[in-house]
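Reader: Could we go through some helix packing together? Please start with the terms.

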Amino acid sequence: MNDPDAYSALDSQRFGIRVFRAGPDNVEAVAELMQFARSGDVDLLILRCPVAAVAAAQELERAGCFLADTLVYYRGPTSGFTASPTLPGCIRLGQEADRAALEGIARASFTGFFGHYHADPRLDPVAATEGYVQWASSALDDAASLVLVSETGGRLSGFLTAKKLNAKTWEILLNGVAPEFQRRGIYAALFREVGCRARLQGASEVLVSTQLANLAPQKVWTRAGLELDHALYTFHWWKA
Ligand SMILES: CC(C)(COP(=O)(O)OP(=O)(O)OC[C@H]1O[C@@H](n2cnc3c(N)ncnc32)[C@H](O)[C@@H]1OP(=O)(O)O)[C@@H](O)C(=O)NCCC(=O)NCCS
């Protein structure tokens with residue numbers, strides 16, 4: 001745990017504190033981690049623990065960590081993504097000219113989100129939302145990322161970002177639909193489009209994750225043939 005890679009520069013800059021991240025999956029790892037955290041220059045620990053590692057999760061609770069969310073990961077074959085989406089308007093690649101609108105959608109859709117940042121009352125919720133905005137926007141600058149956007153009635157209504165994990169798997173990373181355009185099937189259409197693109201480019205599966213409490217995307221994924229693959233608890237721990 002003295003690994004400098006565990007220091008999260010992004011989180012630290014965003015919240016103006018020293019944040020470290022780790023993924024302990026056994027009791028010994030938790031003990032080592034907490035020793036480092038108590039003696040080191042740490043304000044906040046963000047910890048991801050497999051739900052199957054119950055002993056480690058209980059040890060984290062005993063150490064004063066609190067549950068901030070539960071991430072569920074779904075995986076599924078691209079072979080079922082054969083039809084193009086039937087969506088009024090269009091889905092296309094995002095470009096520089098879309099940046100302001102894309103950021104606006106991310107800001108509106110991730111305000112008060114289910115994730116661990118918003119679940120921690122000590123973290124500024126506006127800064128937490130801006131983290132998602134920055135994440136979505138940065139995909140436009142990353143040649144390895146795919147950014148899809150949807151247009152509805154001449155306005156940008158939603159976005160989806162994805163990345164090739166390896167030759168076999170594409171990971172779908174961040175999606176948002178503007179609140180005024182939600183519940184019209186836009187997310188389902190964006191998801192189908194990325195599945196089709198992954199299949200056509202030779203990927204055999206997609207991987208995607210969200211918070212357990214976030215039901216809308218899980219409905220879309222199960223209907224598209226994806227299955228629950230694994231899950232992680234997110235714990236937070238504050239030194240003082
Ligand atoms: C999740 C999100 C992208 C869904 O977008 P959307 O375009 O409204 O989704 P769809 O219209 O395709 O709806 C998919 C299904 O989820 C349902 N749904 C939509 N919003 C829901 C909600 N808040 N609660 C429960 N179900 C919901 C829809 O009714 C639909 O199910 P149905 O066919 O049985 O009616 C959108 O709510 C959003 O931007 N949320 C905030 C950011 C987020 O959660 N991103 C995803 C992270 S993985």
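Author: A crossing is called left-handed if the near helix is turned anticlockwise from the far one by less than a right angle, and right-handed if clockwise. This is a predicted model, in which local features need pLDDT of at least 70 and side-chain atom pairs count only at pLDDT 80 or more, while totals for chains, interfaces and linings use all residues. Residues are numbered from 1 along each chain as its sequence is written, and side-chain values use heavy atoms, with hydrogens and water left out.

Reader: In which hand does H7 pass H8?

Author: The crossing of H7 over H8 is right-handed. Helices here are DSSP runs of H or I with at least four residues, strands are E runs of at least two, and both are numbered from the N terminus.

Reader: And which residues meet there?

Author: From H7, Tyr187, Ala188 and Phe191 meet Pro217, Val220 and Trp221 of H8 (contact means heavy atoms within 4.5 Å).

Reader: Changing topic, which residues of H3 are buried?

Author: In H3, residues 54–62, the buried ones are Ala56, Ala57 and Leu60; buried means under 20% relative accessible area, exposed over 50% and partly exposed in between, with a 1.4 Å probe and protein chains only.

Reader: Why are they on the same side of H3?

Author: Because they cover an arc of only 100 degrees around the axis, taken from the directions from the helix axis to the C-beta atoms. On the other side of H3, Glu61 and Arg62 are exposed.

Reader: What covers the buried residues of H3?

Author: The cover includes helix H2 (27–39), strand S2 (44–50) and strand S9 (227–238).
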